[in-house]
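Please keep the sequence and the 3D view open while you read. I have set out my remarks as numbered points.

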Amino acid sequence: MRNFSQRQPYVLFLFTGVKLFNQLEQPRWSDYLPHAKFIYLDYLSTADATQLLTQPYPNFPLQYADGVLAHIYTQTQGHPALLHIIGDALVSYANRAYTHDIDLNIVNQIIQTDILTQGQGVFTVFWQQFCHEQVVKDTVVNIIEQTGNLDRDSLSYLLQHRFIEKGTNRFQMRVPRFEQWIRKFVIDFLKF
C-alpha cells in the first residue's frame, strides 16, 4: 500500500478514526505510511451547527425561540454527534407533541431526559473506548474536580484530540455536556 500510494499521483487513500497513526501499535502504521498527512476536522462552527438544526432539509418546520440555538451551541460546542442526537430528539418531541415551536424549557428537558442518559453512545464511547486507560480516566476526573495530579501524557492525548482545552489558569472539558455526563455517571456514582 505504501509503495502504491507513493507512486500514484491520482489515487488517494483516506483513513479516518479517533487515533493518529503514531498512536496505533499493532501494527505501527506510522512506520508503514510515514508520508501520510494529518487533516484535523474540528467541531462544527456556530453557523454550521445552526444550519444543521434549522435547515437539515428545505422547508424544515421547527421554529426555535430566541436564545435556543445559542444555548444548544454552548452546551455542545458544535460537537457533531451531540448536535445530531439533540436535533433528532427535538424532532421526535415535536412529532409527539404536534408542535413546531421549540423553546429553552423543551431543550433543557430533552437534554436531561434523552441526552444525559447512562447508555448514551457518544459519552460511553468517549469514556470506555477513548479513555480506555485508567490514567486517562483519572486525569479527566481530576480536570473536572480540579484536584489531584494531571498526567502529562494524558493531557497531551486529550488536548491533541481536543476533548479538553486550556481555560483561565486551568484545563477544562471542551464540551459542558461531557463534563455533566461524567459527573453524573462516574464521579457522583463513585461517591455514593
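Predicted model: local features only at pLDDT ≥ 70, side-chain atom pairs only at ≥ 80, totals over all residues.

1. Start with the salt bridges. How many salt bridges does the count come to? The count comes to 3. The points that follow take them in turn.

2. Look at aspartate 42 and arginine 162. Their side chains meet in a salt bridge, with 3.7 Å from N to O. This pair links distant parts of the chain, 120 residues apart. Aspartate 42 sits in the loop between helix H2 (29-32) and helix H3 (46-54). Arginine 162 sits in the loop between H9 and E3.

3. Stay with aspartate 42. It also forms a salt bridge with arginine 174. Here the closest N and O atoms are 2.9 Å apart.

4. Now check accessibility around aspartate 42. Is arginine 174 buried or exposed? Arginine 174 counts as buried because its relative accessible area is 15%, and the cut-off for buried is under 20%. Aspartate 42 is partly exposed, at 38% relative accessibility. Arginine 162 is also partly exposed, with a relative accessible area of 34%.

5. The remaining salt bridge to describe joins glutamate 179 and arginine 183. Their closest N and O atoms are 3.2 Å apart. Both residues lie in helix H10. They are 4 residues apart, which is about one turn of the helix. Glutamate 179 is partly exposed at 22% relative accessibility. Arginine 183 is partly exposed too, with a relative accessible area of 33%. Shared partners matter for the network: salt bridges join Asp42, Arg162 and Arg174 into one.

6. Turn to the rings. A search of the whole structure finds 10 aromatic pairs. One of them is tyrosine 57 with phenylalanine 60. Why is this pair edge-to-face? The ring planes stand at 90°, so the pair is edge-to-face, as the cut-off is over 60 degrees. The ring centres are 5.3 Å apart. Tyrosine 57 is partly exposed, at 45% relative accessibility. Phenylalanine 60 is buried, at 12%.

7. Next, find phenylalanine 163 and phenylalanine 178. They form an edge-to-face pair, 5.9 Å centre to centre, with 65° between the planes. This pair links distant parts of the chain, 15 residues apart. Phenylalanine 163 is in the loop between helix H9 (152-160) and strand E3 (164-166). Phenylalanine 178 is in helix H10 (residues 176-191). Both phenylalanine 163 and phenylalanine 178 are buried.

8. Ring pairs link a cluster of Phe123, Phe126, Phe130, Tyr157, Phe163, Phe178, Trp181 and Phe185.

9. Last, threonine 76. Where is the place of threonine 76? Threonine 76 is in helix H4 (residues 68-76). It counts as buried because its relative accessibility is 0%. A polar atom of its side chain lies 3.0 Å from the backbone oxygen of isoleucine 72. Leaving out residues up to four places away in sequence, threonine 76 touches Leu82, Leu83, Ile86 and Val175.

Key:
Residues numbered from 1 in each chain as written. Heavy atoms only, no water. Helix = DSSP H or I, 4+ residues; strand = E, 2+ residues; numbered from the N terminus. Buried < 20%, exposed > 50% of the residue type's maximum accessible area, 1.4 Å probe, protein only. Polar contact = N/O pair within 3.5 Å; in protein donor to acceptor, adjacent residues only side chain to side chain. Contact = heavy atoms within 4.5 Å. Phe/Tyr/Trp six-rings, centres within 6.5 Å; stacked < 30°, edge-to-face > 60°. Salt bridge = Lys/Arg side-chain N within 4 Å of Asp/Glu carboxyl O.
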